[in-house]
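Open the model in your viewer and keep the sequence panel beside it. Each stop below tells you what to select and what to look for.

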Amino acid sequence: MIRIGAVNIDTSHPLGFGEALEQMGRAKYVGVYNDSFRGKEEVNGFVRRFGLVKHCDSLEELADMCDIGFIHGCNWDDHLRCAQPFFDRKKPVFIDKPLVGNLEDCRRVEELTANGAIILGCSSVRYCYEIQEYLNRPIEERGETVQLFGTSGVDEFNYGIHIVEAAGALLGIGASWVKYLGRSHADGKYCESYYVQYENGKSFLYNTFTGIWQPFAITVMTTRTPHTFTIDSSRLYTALLEQICNYMEGKPSLLVSVTDLLESVKIMLAGSASRASLGRAVMLTELN
């Protein structure tokens, strides 16, 4: 049984992951450390719900007692601090989406992995069954992908990163530039659109909807025909956790490198920069 240490149970993911792990029977949370906004009673409730061994007093104590750390904090600028004790002990870390939120931390992730740190992540949508099933179809049947269109809701970055990582799964890396296209709004809620151009001539258009939950929907334009699917959110956690368990058990997995994960972050940073510059196309290479 794979022993997981949970850090900062800010989101709904620790509960959802814990329930999925119970069904899978391959891994479980064994300890938790929390120095974020969740109160002591909430953390103790998490301990009781999943039968954790301990509510730890330090990140170091948690890292000592588990096989892998899961960083669940909402403050993505704090992710690397939370992960450091696991790196120090040469233990892998799953960092919940988004991996990081600024270019300085992107560079730090590159340095850490170059020095042997194992970072797994991030979005469950990247590994969803719908994308797995689509990619498993022969290319002669589905056609060569030319362009993607994807939607996400709730907010720009925290949820928008899901659909950008989904594009990473379908298109791979090689994004060249990003252009902010504009905003639509109604009833105090708004939708923004971004265009991503890839070096190989393929492209990706994505919408983020702020103020309301929206399903992740994807249309793949191919050399044969369009393919459209909506992601079943009830299966997302299991799809991701299966790949993490496969990795931890030494089995083949679909987990991608930090190069892939960081490109998704950089796409979003370039999109934000393009919006700030009133729609100028921003090269990923010019981010600073």
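Where is the place of Asp 187? Select the loop between β8 (175-186) and β9 (189-198), and Asp 187 is there. Helices (H or I, at least four residues) and strands (E, at least two) are DSSP runs, numbered from the N terminus.

Before going further, note that this is a predicted model, in which local features need pLDDT of at least 70, side-chain atom pairs count only at pLDDT 80 or more, and totals for chains, interfaces and linings use all residues. Residues are numbered from 1 along each chain as its sequence is written, and side-chain values use heavy atoms, with hydrogens and water left out.

**Positive phi**

Stay on Asp 187. Its phi is near 55°, a positive value in a residue other than glycine. Asp 187 counts as exposed, at 77% relative accessibility. The classes are buried (under 20% relative accessible area), exposed (over 50%) and partly exposed (in between), with a 1.4 Å probe and protein chains only.

Next, select Val 154, in the loop between β7 (145-152) and α8. Here phi is near 75°, again positive in a residue other than glycine. Val 154 is partly exposed, with a relative accessible area of 27%.

**Cis peptide bonds**

Go to Lys 97 and Pro 98. A cis peptide bond joins them, with omega about -15°. Pro 98 sits in the loop between β5 (93-96) and α5 (103-114). Now pick Gly 121 and Cys 122, also joined by a cis peptide bond, with omega about -15°. Cys 122 belongs to strand β6 (residues 119-122).

**A covered helix**

Select helix α4, residues 79-88. Seven of its 10 residues are buried. Show His 79, Leu 80, Cys 82, Ala 83, Pro 85, Phe 86 and Phe 87 to see them. They pack against β1 (2-7), α3 (59-65), β4 (68-71), β5, α5 and β6. Contact here means heavy atoms within 4.5 Å. Just after α4, Lys 90 takes a positive phi of about 55°.

**The cores**

Now turn to the largest nonpolar core, which has 64 residues. Such a core is a set of buried Ala, Val, Leu, Ile, Met, Phe, Trp, Tyr and Cys residues joined through side-chain atoms within 4.5 Å. Leu 99, Phe 204, Tyr 206, Ile 218 and Ile 267 have the most contacts inside the largest core. Helix α10 (residues 258-276) gives this core its largest share, eight residues. A second, separate core has 26 residues, including Val 43, Val 47, Ile 68 and Tyr 127.

Zoom in on Leu 99. Among the residues it touches are Trp 76, His 79, Val 109 and Leu 261.

**Two helix pairs**

Select α8 (residues 160-171) with α10. Their axes come within 9 Å and cross at roughly 125°. Axes are lines fitted to C-alpha atoms, for helices over the stretch in contact, and angles run from 0 to 180 degrees between N-to-C directions. The two helices are therefore oblique to each other. Angles under 35 degrees count as roughly parallel, over 145 as roughly antiparallel, 65 to 115 as roughly perpendicular and the rest as oblique. In α8, show Gly 160, Ile 161, Val 164 and Glu 165; they meet Leu 261, Ser 264, Val 265, Ile 267 and Met 268 in α10.

Finish with α6 (residues 129-136) and α8, whose axes come within 10 Å and cross at roughly 15°. That makes α6 roughly parallel to α8. Ile 131, Tyr 134 and Leu 135 of α6 make the contact with Ala 166, Ala 169 and Leu 170 of α8.

Conventions. Lists of a residue's contacts leave out its neighbours within four places in sequence.
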